[in-house]
Amino acid sequence: MRPIVVAPFSHSDIRDWPAAHFRTLIARLLAAWDGEVHVVGAPGQAIRAGDIVRPFDATRVVNDCGRLTWPDTIDLIRSAACVIGNNSGIAHLAAFEGVPTVCVFGGAHQRLEWRPIGSHVVTLSRAIACSPCHLHHAAACPYGLACLTEIGPDLVCDAVERLMAGISTETFADAA
Amino acid sequence: MLKRFLAQPYLDLATASATAEGGTHGAVYAPALLQDEADYRGALQRWFALVAVGGRLVLTVPHAFLDARQDRLPVPGHPRQVRLYTPASLLAEIEEALAPNSYRLRWLADRDAGYDYALDRATPPVGQHDIALVLERIAPPAWELAPLLPAAIPPPAQNFEPARTRIETMAAGRICRILLLKLDHLGDFIMGVPAMRAVRAHFPDAHITLVVGEWNASLARRIGIADKVLTFDAFPRNTAEIPVDIAGKIAPFDALVGAHYDLAIDLRTFDDTRVLLGNVDAAHKAGIGHRGRHPFLDIFLPIDPVAEAVDHAWAEDIGIAELHVADSRTRGPFEIHFNGMAADEVAQTLTWGPYRSLVPGEYLFQPFVDVDSTRAGQLAYDIVIDVERVAYGVLDGGGEISLPFDVTKGGQFEFRLWTVSGEPAPAFRFQGGRLIKRGAGGTLHQSETLMLLVELTAMRLRSANLFPARNEAR
């Protein structure tokens, strides 16, 4: 069975969906689905990846963070049933490769400019007046990263399941 | 060494019952067990939970380089073994499985006492051939590792959209029937040929209906991009002699193009024909302009196709808020209003600023100043870059004023208005000005603008296959 790949990190923490949300999402995915979840990231993100995978059976949730070469990462992305990421490179790579992709897009940037593109990509973003703020550090956000924390894991899980099932989603208001 | 950590009574997991009580043991020993546990996280967490705070978890695993003496599974004679270990891989599993600051690492070692390195790989190893690791359980501190975020305040509300999570994707368009409008005169039609050819290239299998002015019909057929050419004179052939009434021709246009289309594109850069798309039965409608003005457009290239200032590399309006005045009573909310002044032997500065940093180049400053020419007097100006005056003159009356100047080394731009010594100063009103840098303004040719529209349309509608070469190669 093809794995689901989770890429929880960017190199700008204001774009990162909270680790607790990723844990809840993975728990829901494991309950609804029989395959493996692979968590990917750079070597410097391995400690935070441990925080996400720790509660889960190692035979179902594989921690590949910092352990794959770039070619191996690309191969894993290509093999995925779905890739879940933030506004960062892995989501764009998955979209580029034509892999079903769910992108949890923070408010730091304008989604219409920077989202991964493709009809096989679903982007979740929060309608919030402070966006885009163009900040780089989560600590600089006075609103507790509301643009990401208020995107619930259930919505993301639903988006993953709908995308993998081929169920259509609302199209971007300004983009055919 | 390992015996030192197991000197007190300990729970040996190789022989202990599965119901051992958690958090009570001073030492727990897991000898050569972990390599057989598929769920290493769960195993480590269960074993660690048995240890009391201050107690130790002692682990051994076979060393990949001393026991199996190979770099991959399976291990002959050990079919249950699911992983090979080095000290680093063992420690990585520990760090992944156990919460940070719930333990301290007290010992990690390759154990090879008595190991006979002279034996070949086919002979079972002699001597110690494992890795030992000792953890001490500690009481976790109250603090977290995650960055401290400031106390959050509620985010502001959206003006145009209720607070919600958007879940969006791009539509996958299957484009079988295309309606192309190119209703201009001959020259504009020819400038649109590259864009029309690009439509054909992007949608090679689509049926394309091209609507052109009657005067372009034969040329439209000759370029061969359309399966069907219709003629419709949105404009008179000679617009200088006969008034244009596009809005009055919507009904006959609708009757002409009547069928359903997957995509309709208006390839006129001016937006006066866009209204014809309004009633077209098309899944997607594309054109240049904004949806605020043409709400039926699904795909729009939001640029102004008519360049007004092709030689302006950059322009900036400077308001009076950035300017200084000698007499604060002259400053109003929207302008500096000076009532005139009797002659003085010494020239006086009336306004100055804005101290804008400029890079080298040719510039133009257009002050929005209106001098009352009905009253006697002279008003002088100068332009200063840092402390060097680069332009000086006397303003006489109204009209558009353009003051060219060069900046050779870069510096702070300042525009000043002066009285002239020995002359009365006239009344004037000053509303700031426009600072312009000369250079290429990035103007697009009409054919380039149309190509951008076609490429944008193709990207939006072929988004499921944006990188076809890559996908096809797989």
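**Entry 1: Tyr355(B)**

I began with Tyr355(B), which has 15 C-beta neighbours inside 10 Å and so counts as partly exposed. The model I am reading is a predicted one. Tyr355(B) sits in strand S17 (residues 354-358) of chain B. I looked up its backbone too: phi of Tyr355(B) is near 60 degrees, a positive value in a residue other than glycine.

**Entry 2: Leu145(A)**

I found Leu145(A) in the loop between S6 and H6 of chain A. Is Leu145(A) buried or exposed? I counted 25 C-beta neighbours inside 10 Å, so Leu145(A) is buried. The cut-off for buried is 20 or more.

**Entry 3: cis peptide bonds**

I stayed in that loop of chain A for Pro132(A), which lies between S6 and helix H6 (146-149). The peptide bond from Ser131(A) to Pro132(A) is cis, and omega is near 0 degrees. In chain B I noted a cis peptide bond between Leu73(B) and Pro74(B), with omega about -5 degrees. Pro74(B) belongs to the loop between helix H3 (64-68) and helix H4 (87-97) of chain B.

**Entry 4: two helices of chain A**

I then checked how H1 (residues 19-32) and H7 (residues 153-165) of chain A pack. Their axes are 9 Å apart, at an angle of about 40 degrees. H1(A) is therefore oblique to H7(A). The crossing of H1(A) past H7(A) is right-handed. Which residues of H1(A) and H7(A) make the contact? From H1(A) I listed His21(A), Thr24(A), Leu25(A), Arg28(A), Leu29(A) and Ala32(A). From H7(A) come Pro153(A), Val156(A), Cys157(A), Val160(A) and Glu161(A). Sorted by class, this contact has seven nonpolar, two polar and two charged residues.

**Entry 5: where chain A meets chain B**

I moved on to the contact of the two chains. Chain A puts in 38 residues and chain B 42 residues. On the side of chain A, helix H2 (46-53), strand S6 (121-126) and H7 each give two or more residues. Which element gives the most to this side? S6(A) does, with six residues. By class, I have 22 nonpolar, 12 polar and four charged residues on the side of chain A that touches chain B.

Five bridges join S6(A) to strand S6 (residues 165-169) of chain B, and the two run antiparallel. I looked up one partner: Ser125(A) is bridged to Arg166(B) in S6(B).

**Entry 6: a sheet in chain B**

My last stop was an open sheet of six strands in chain B. The order is S9-S8-S7-S10-S11-S12, and the pairing is parallel. Which strands are at the edges? They are strand S9 (228-231) and strand S12 (299-301) of chain B, each pairing on one side only. From one strand to the next the twist averages 15 degrees.

I looked inside the sheet at strand S10 (residues 261-266) and strand S11 (residues 282-288) of chain B, which pair over four bridges in the parallel sense. Here Leu263(B) has His284(B) in S11(B) as its bridge partner.

Two helices of the chain lie across strands of this sheet. Helix H6 (residues 193-202) of chain B lies across strand S7 (177-182), strand S8 (207-212) and S10 of chain B, and runs at about 175 degrees to S7(B). Helix H9 (residues 446-461) of chain B lies across S10, S11 and S12 of chain B, at about 150 degrees to S12(B).

Notes. Residues numbered from 1 in each chain as written. Chains lettered and ligands numbered in written order. Predicted model: local features only at pLDDT ≥ 70, side-chain atom pairs only at ≥ 80, totals over all residues. Axes fitted to C-alpha atoms, helices over the stretch in contact; angles between N-to-C directions. Parallel < 35°, antiparallel > 145°, perpendicular 65-115°, else oblique. Left-handed = near helix turned anticlockwise from the far one by under 90°. Contact = placed C-beta atoms within 7 Å. Nonpolar A, V, L, I, M, F, W, Y, C, P; charged D, E, K, R; others polar. Pairing = 2+ DSSP bridges. Buried ≥ 20, exposed ≤ 12 C-beta atoms within 10 Å, placed from the backbone.
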